[in-house]
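Here is a briefing on one protein structure. Look at the sequence and the 3D view first, then read the points below.

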Amino acid sequence: MCRTDLHIVDGELTDPKLPLIPGHQIVGEVVELGEGVDAPGIGDRVGVPWLGWTCGECWYCAHDMENLCERAEFTGYHRDGGFAEEAVADARYAFPLPGDRPDLQVAPLLCAGLIGYRSYRTALETAGEVGRLGLYGFGSAAHILAQIAADAGRDVFAFTRPGDDEGQAFARELGCVWAGPSDEPPPATLDAAIIFAPVGPLVPRALEAVRKGGAVVCAGIHMSEIPAFSYDLLWGERVVRSVANLERRDGEELLALAPEVPVRTEVHAYPLDDTNQALDDHREGRFDGSAVIDVQGGGEG
């Protein structure tokens with residue numbers, strides 16, 4: 001389950017296919033192949049991400065920017081998703097998932113992990129040397145990315161909702177050197193910051209926290225209105241940019257990297273019948289890590 005599922009269910013993303021089955025971090029076994037498909041094969045375990053189909057013909061596809069495809073279709077938004085016993089996927093966008101890591105622990109990598117990794121890669125490319133990285137909103141994506149960045153030797157600073165002592169302790173447990181409320185400045189200047197929370201006022205706060213030449217990357221598909229801020233926060237060649245969707249390259253790189261770290265995913269499983277409860281718990285921030293819908297099992301949450 002992902003924050004984007006909430007944006008869709010709550011009507012903040014306004015053009016879903018209706019009726020719709022949400023869910024776009026799918027782990028499953030191939031049981032049938034469409035005409036002309038020879039890979040993956042029957043019985044293979046695969047992961048299906050948010051980006052579910054691209055045209056391969058538009059300007060963006062032709063320039064290796066498939067994540068910006070003009071006619072892209074997204075799993076659980078334009079195409080029925082994974083909150084179901086069966087799903088149909090484009091074989092081009094079904095990642096092979098070798099290994100014996102449990103399905104429930106792999107599922108959060110397919111969106112939370114992927115968008116976190118793409119945001120991380122974008123921050124590094126934009127800001128250059130990144131020794132200190134801030135993560136605003138310590139949910140599913142941030143709890144995965146914090147481990148990757150810490151493993152690479154970077155100092156990670158986690159910003160949570162004010163008063164979220166448990167979330168801050170969770171962040172420190174996963175390798176963050178500091179964790180505190182998002183309405184306070186960090187104890188050191190950041191080289192880059194990634195905003196996962198869909199909260200527009202965090203943009204000027206993050207700009208205040210990063211050095212000249214630093215980057216603020218907005219990772220969400222939806223954000224509340226960004227308030228006006230003075231030019232001096234942007235001056236000094238600071239950069240604010242968004243990240244949209246994912247590329248297959250992101251999935252291939254992350255799924256190879258995660259076992260090496262190794263990334264630990266904190267999951268809270270719900271049976272399929274309790275999907276609405278899971279959405280509500282996610283909306284209210286009642287758990288750390290990721291919610292997962294256990295279609296075959298009974299869940300634990």
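The points below go through the model topic by topic.

This is a predicted model: local features need pLDDT of at least 70, side-chain atom pairs count only at pLDDT 80 or more, and totals for chains, interfaces and linings use all residues. Residues are numbered from 1 along each chain as its sequence is written, and side-chain values use heavy atoms, with hydrogens and water left out.

- Helices (H or I, at least four residues) and strands (E, at least two) are DSSP runs, numbered from the N terminus.
- Buried means under 20% relative accessible area, exposed means over 50%, and partly exposed lies in between (1.4 Å probe, protein chains only).
- 6 of the 6 residues of strand 9 are buried, so strand 9 is largely enclosed by the rest of the structure.
- Two strands pair if DSSP finds at least two bridges between them.
- Strand 6 and strand 9 run parallel and are joined by 4 bridges. Here Y136 stands opposite I195.
- Strand 9 and strand 10 also run parallel, with 5 bridges. Here A193 stands opposite V216.

**Helix 7**

- Strand 9, helix 7 and strand 10 form a right-handed β-α-β unit. Right-handed means that, with the strands pointing away from the viewer, the path from the first strand over the helix to the second runs clockwise.
- Why is helix 7 largely enclosed by the rest of the structure? The reason is that 6 of its 8 residues are buried.
- Those buried residues are L202, V203, P204, A206, L207 and A209.
- They pack against strand 6 (132-136), strand 9 (190-195), strand 10 (210-218) and strand 11 (239-242).

**Nonpolar cores**

- A nonpolar core is a set of buried Ala, Val, Leu, Ile, Met, Phe, Trp, Tyr and Cys residues joined through side-chain atoms within 4.5 Å.
- The largest core has 60 residues. Those with the most contacts inside it are Y120, L133, L135, F138, I148, I194 and F196.
- Elements that each supply at least two residues of this core include helix 4 (112-127), helix 5 (140-151) and helix 8 (248-257).
- Contact means heavy atoms within 4.5 Å. Leaving aside its neighbours within four places in sequence, Y120 is in contact with L133, L145, I148, A149, A152, R154 and I194.

**Strands 12 and 13**

- Strand 12 (267-271) and strand 13 (290-294) pair in the parallel sense over 5 bridges. The bridge partner of H268 is A291.
- Strand 12, helix 9 (275-283) and strand 13 make a right-handed β-α-β unit.
- 5 of the 5 residues of strand 13 are buried, so strand 13 is largely enclosed by the rest of the structure.
- Both faces of strand 13 are covered. S290, V292 and D294 lie on one side, and A291 and I293 on the other.

- An open sheet of 3 strands has the order 1-2-5, with antiparallel pairing.
- Its edge strands are strand 1 (26-29) and strand 5 (95-96), and each pairs on one side only.
- Strand 2 (45-48) is joined to strand 5 by 2 bridges. G47 stands opposite F95 in strand 5.
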